[in-house]
Structures are given as C-alpha cells and as structure tokens.
Amino acid sequence: GVSVFPEVMILKGLPGYSTTISDDPFTPASAVYQVSCRADGTFSPTPPMVNMNDCLWHHCGAHGSCRDLETPRPDPDDNYVCDCNAGYEVRRNENNQKRCRNINDCPVENPCDGQGACTDLLMAYKCECDRGFEQVEMSLAGNVTCAPILSGVRETVRNADVVVSHKYTFPADAKTQPTSNMLWTGSEAKYTCQDAANQQ
C-alpha cells in the first residue's frame, strides 16, 4: 500500500515540550509548528522538541534552588522541584508556586506546656513564657518548654527519679502560709502569699 500525506502537517509538542528551551511553559509560543511535503517526497526539516526549562519561569525563593524535571508533567507548576536548604521545606504560595519556607519547629500539641507562646526559629524554637514561668530544656535535645520558676535544689535519690526539694523564702513578718497560687519572679519567692493573691 501507498501512504498518502497531506501537503502540510501541523504538529504540537506534548505538555512541557517546545522547540525553544526558554519557552513559557504556561503559554508556549513555539510548541506548534508545521511540516510540509516537498517535491522530492521528503518532509521539510523538523525542529527538535525539547523539554522547556521551567526554572527560567519558577524560583524557589532565597533558601533553595530550582531543578527542572527531565520528564515534564502536564501542569507547569509540577515540572520542577525545589532543593531547599537545611531547616526549610517546600510549600505552595497563594499562586500555587513552590517556595522553600522555614519549617515550623514549634510542637503541634501543647507547645510550651500551655504556659507561654512558641516562637519558631531556624531549626529550633523558643518559648516566651508567661509570668512566673521560665524556658527550660527538655530531655530531647533542642526541645524546650515553660516550667514554674521555683527556688530549690535538685537531689538525686538512689533507686528513684530526680526530685526537686523546694526551699521557700518569706519575709520574717509573713503572716500567711505558702499556697499554690504564689507568684515567682526569680530564684525565690518575692511576695508573701497574701501579696501574691493581691497581685492576681
């Protein structure tokens, strides 16, 4: 059999491909071209279809680098990956563009033990503790929380966990006994219990 071709064929590149590597992946201008049959029965030269470099149109922000995918996908916003610096992760912005953003290191559950506000840092976080509490390190390296400011020394007891022996300091003329609602502002109690109650 003999194959019969039209005099002109219109060809369109697959998604992510164009005849120009720097073509706009959203509205490519060079992804469509035509091929014609010549008098000698051959086709006119066809330009090669190349993978558009999506990193010319996308960027990952100041904290990462863009890497174009070798095999394009239909959505131009998915045709590249962001290689983020340590402490950063890929997140989409309001235009669905990928960006390297600081990883939120604040604990999801009960940050700062509910006694302060968690502030995210780069590969760390800190607790802005409420009055009467201070930031303390936890057993897991890099983790912190808020704990009551108490006067006292730590003692290690054999065959037991670490315990705290509190030593409360009161003015000589204090007329009230310690209660659980006392305020602590440093290494020791600064108010009598009555004063503390008046300050709440």
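How many Å apart are the sulfur atoms of Cys129 and Cys146, which form a disulfide? Select both residues in this predicted model, and you will find their sulfur atoms 2.1 Å apart. The torsion about the S-S bond of Cys129 and Cys146 is about -90°, so this disulfide is left-handed. Because Cys129 lies in strand 10 (residues 124-129) and Cys146 in strand 12 (residues 144-148), the pair ties together parts that are 17 residues apart in sequence.

Now select Cys60 and Cys82, which a disulfide joins with an S to S distance of 2.0 Å. The S-S torsion of Cys60 and Cys82 is about -85°, so this bond too is left-handed. Cys60 sits in the loop between strand 4 and strand 5, and Cys82 in strand 6 (residues 80-84), so parts 22 residues apart in sequence are tied together. Both Cys60 and Cys82 are buried.

Move on to Cys55 and Cys66, whose sulfur atoms are 2.0 Å apart in a disulfide. This pair links distant parts of the chain, 11 residues apart, with Cys55 in the loop between strand 4 (50-51) and strand 5 (64-68), and Cys66 in strand 5. With a torsion of about -80° about the S-S bond of Cys55 and Cys66, the disulfide is left-handed, and Cys66 counts as partly exposed at 25% relative accessibility.

Finally, select every bonded cysteine: the structure holds 6 disulfides, and, numbered in sequence order, the cysteines pair as 1-3, 2-4, 5-6, 7-9, 8-10, 11-12.

Key. Residues numbered from 1 in each chain as written. Predicted model: local features only at pLDDT ≥ 70, side-chain atom pairs only at ≥ 80, totals over all residues. Heavy atoms only, no water. Disulfide = S-S within 2.5 Å. Helix = DSSP H or I, 4+ residues; strand = E, 2+ residues; numbered from the N terminus. Buried < 20%, exposed > 50% of the residue type's maximum accessible area, 1.4 Å probe, protein only.
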